[in-house]
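Colleague: Please walk me through this model. I want each term set against its cut-off.

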Amino acid sequence: MQLIGTISGEVMPTRFNILLSSSGVEKGSYVKIRHEQYGWVLARIDNIKRYIDNEGEEVVLANARTIGYKRDDNVLIPKTPFRPEERVYAADRELILSVMGLKKVKTKSIYLGLLEGHEIPVYLDIEKTIRKHMSVLAKTGAGKSYTVAVILEELLKNYFPIVIIDPHGEYSSLKYENDDYDAMLTYNVKPRSYEKQITEYAPNIIVNPEAKKLTLKPRFTLEELTEIMPIPLGDRQKSIAYNALRRLENQEYTIQDLINSVRLDKSNAKWKVISGLESLRSSGVFEGTPIRDKDLVREGNASIINLKGSEPRIQELIVAKICKDLFNSKKLGEIPNFFLLVEEAHNFCPERGFGDALSSQILRTIASEGRKFGLYLGVVSQRPARIDKNVLSQCNTQIILKVTNPNDLRAISQSIEGFTPGMENDIKNLSIGQALVMGECVEQPITVNVRVRESLHGIAQEREEIEKPKSMIEKIRPIFIEEEKEKIKKKPAKKKSISERIKGIFLEE
Ligand SMILES: Nc1ncnc2c1ncn2[C@@H]1O[C@H](COP(=O)(O)OP(=O)(O)OP(=O)(O)O)[C@@H](O)[C@H]1O
Ligand SMILES: [Mg+2]
């Protein structure tokens, strides 16, 4: 046992100071103290200060918070304080794992990284982490997408089906191996490509030449059609559109069929509807063979919906349509349980007052009902204050990285049960790549140094604040021209020439 100091001054059951005698202790380290009544109790160092005392000696004083001791399946806090001047030791792995409720085995778990201040790997139970939805929140550049990709790698290893809404096309790099070998040694991670488990779809295959063309089923309710039309429809036109849709009820149809159905109307008001539908047709999103839900959600596969290069309104439309179809298929039991990850969630289910998105309603429904059917939601955002509160508060697992904006901190604190002011401070002081994990997957909130990725990290580019253009369809050029696609076809990311040599180190293990 490694002695690190003794309790100093006034002692309370939940808070006390430690006069440190060892230098290996830092903020976030776990320590243990023997309580005369309850045995070994775990505590965490929240703060450390150094000063010169009256005798001119340097003093290192740590402020500690009691976490508790394990009795049966519960973590309890001592009802009486520790003895003054009791000895304090570095906590051992067994005590930390049992009190923090962390898994000891790798099976069916997510290896997220190392516990802050320790070399202890953090394995989170997959089911407990995602089955009641998950949110990943932090300011820009704090490491959200990186952390999410680590989780996706772990889900793929476990053959868990995934659908990724990827507005910036940053997850396609799961196909390529990471080459940050030094960091891999620290986290005991090997480079890995997930190419065989990734299928990438994009509405815009000129910008994303490696993706398959994403085509949606042209099947609408009147409400959906009215919402996505580039020109607002009056009552007369709505009734024309309604009749046209009714005529096509219970059959497969294309946008052209819908246009033909509108043409049957005698009224001159039909021309405005036809013009709107022509614009929709030229967006290309509904042209081609529609993608099947069974292809999107498959055992061991991640389907990336790469929306890079598509107009915001089209992005919303695609997310709304895909989510609705998948939710219905899931309810009917036609597809396996799966994880739906939505990046930039504030754009797809914004809080009231921050605009409305075509996808808002279905994402709210999935957040409240999805878990019953085995549709697990993951939302990612750099603006927690701008995500629909109903969606955010349904996420039982929270992975919070550095946040400094007071509005965002408030939104986080309001959506999490048991959030303390101390946590707010912890979140402000996190470093890049450090995450506070809360929820059913851990007994107590923990801070994790998120592990290095096995696959390459793709960087998000061109994030514009979404301004909804009034006539978005006009701006969309037909986006399914095969020759263009061939011309611009990019080469896959090149690996460093030394990579093969260094990879040998891992392969020999
Ligand atoms: N766990 C980590 N280990 C190593 N590097 C990391 C880690 N997390 C983040 N980084 C570094 O920080 C950069 C930003 O991370 P990331 O792209 O995940 O940020 P983000 O929070 O998603 O930002 P944005 O809001 O712009 O999407 C990465 O390119 C990477 O260099
Ligand atoms: Mg990101």
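**Domain 1 against domain 2**

Modeller: Between domain 1 and domain 2 the count is one salt bridge. The model is predicted: local features need pLDDT of at least 70, side-chain atom pairs count only at pLDDT 80 or more, and totals for chains, interfaces and linings use all residues. Residues are numbered from 1 along each chain as its sequence is written, and side-chain values use heavy atoms, without hydrogens and water.

Colleague: What makes R44 and E116 a salt bridge?

Modeller: The rule asks for a side-chain nitrogen of Lys or Arg within 4 Å of a carboxyl oxygen of Asp or Glu. R44 and E116 are at 3.2 Å, N to O, so the pair qualifies.

Colleague: Which elements give two or more residues to the side of domain 1 that touches domain 2?

Modeller: Strand 5 (58–71) and helix 1 (93–100) do. Helix 1 gives the most, with five residues. Both are DSSP runs (helices: H or I, at least four residues; strands: E, at least two).

Colleague: How many residues are in contact?

Modeller: 15 of domain 1 with 14 of domain 2; contact means heavy atoms within 4.5 Å.

Colleague: Where do F16 and F82 sit?

Modeller: F16 is in strand 2 (residues 15–20), F82 in the loop between strand 6 (74–76) and strand 7 (87–90). They are 66 residues apart.

Conventions: Chains lettered and ligands numbered in written order.
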